[in-house]
Amino acid sequence: MFQILANVLTSLNIFCGFYSMILAIKDEFMKSAWLVIICVVLDMLDGKIARLAKTSSDFGKEFDSLADIISFGIAPISLFYALTISLDVPLRIIILFLYLLAGAYRLARFNLYARQKQETHFLGLPITGSGGFFASFLLLLAKGKIILKPIVFLIIALVLAILMISKIKYPNFRNLKLWEALTISGIIIIAFLIWPHTTLCSVFSVYLVFGPLIYKYLLQNRV
C-alpha cells in the first residue's frame with residue numbers, strides 16, 4: 001500500500017516536471033517555477049513515506065531517480081533555455097548541457113555509493129536542491145520585479161553544475177530527531193505563509209552555501 005502511494009507521488013512528480021517544461025516553452029516562467037517547487041515537495045514526500053513504512057525497493061529508487069532528472073534536470077534546463085533565448089551563442093548550449101550532465105552524474109553517483117553507505121551527508125549538491133534553488137530564485141525575482149541579464153542565468157547554471165559534481169558534503173538530515181524535524185518544518189511553514197517567495201529562496205540559498213562554507217571551515221582546521 002505504502003509503496004503504491006510512494007510510486008503515485010513519484011508519478012505526480014514526473015507529471016509536474018513534464019508540465020513545467022511545457023509552461024517554460026510557452027514563456028509562463030512563474031507557473032513553471034512553481035511546478036518545480038511542487039516537485040521538490042513530492043520528492044520529499046515519496047521518499048519519506050517509503051522510509052517510514054520501510055517499503056523502499058530497488059524499483060522505487062530507480063523510478064525516483066528518473067523522476068528527478070526530469071523535474072530537477074530537464075525542467076530547469078527548459079527555464080534556463082527560455083530565459084537565455086536572446087544569447088545565440090554555442091556556449092549557451094554547452095553550459096546548459098553541462099548542467100543536465102552534472103545532474104545525471106550526481107544521481108548516478110548517489111545510486112551507486114550514497115545509498116549503500118547510508119551516510120549522514122550527500123556528496124555534492126543534490127539535484128533536488130539545485131532545481132529548487134533556481135525555481136525559488138526566479139520566483140523571488142518576479143516578486144521583486146527584478147530583471148537580470150541572460151548571461152547571469154548561464155553563470156548560475158554553471159555554478160550549480162559544478163556544485164552537483166563536486167565532492168562538497170551537504171547534510172541529508174537523516175539523523176534529525178522527530179522534535180527537531182517538526183520544529184524546523186513548523187518554522188519554515190509559518191515563514192512561508194507570511195513571506196512565501198522570500199522563505200523559499202532563503203531556505204534553498206542557505207542549503208546551497210551551507211556545504212561550501214562548512215567545507216571551507218574543515219579545510220582551514222586541517223592546516
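**Close-up views of a predicted model**

**View 1. His197 in helix α8.** At 18% relative accessibility, His197 is classed as buried (under 20% relative accessible area; exposed is over 50%, partly exposed in between; 1.4 Å probe, protein chains only). This residue sits in helix α8, residues 196–222. Helices are DSSP runs of H or I with at least four residues, numbered from the N terminus. Leaving aside residues up to four places away in sequence, His197 touches Trp34, Leu139, Leu140 and Lys143 (contact: heavy atoms within 4.5 Å).

The model is predicted: local features need pLDDT of at least 70, side-chain atom pairs count only at pLDDT 80 or more, and totals for chains, interfaces and linings use all residues. Numbering starts from 1 along each chain as its sequence is written, and side-chain values use heavy atoms, with hydrogens and water left out.

**View 2. Helix α6, residues 150–165.** Its 16 residues reach 24 Å from first C-alpha to last, close to the 22 Å expected at 1.5 Å a residue (1.5 Å times one less than the number of residues). Buried in α6 are Phe153, Leu154, Ile156, Ala157, Leu160, Ala161, Leu163 and Met164.

**View 3. Helix α5 against α6.** The axes of α5 (residues 127–143) and α6 come within 10 Å and cross at roughly 155°. The pair is therefore roughly antiparallel (angles over 145 degrees, taken from 0 to 180 degrees between N-to-C directions of lines fitted to C-alpha atoms over the stretch in contact). From α5, Ile127, Ser130, Phe133, Phe134, Phe137, Leu138 and Leu141 meet Phe153, Ile156, Leu160 and Met164 of α6.

Key. Helix = DSSP H or I, 4+ residues; strand = E, 2+ residues; numbered from the N terminus. Parallel < 35°, antiparallel > 145°, perpendicular 65-115°, else oblique.
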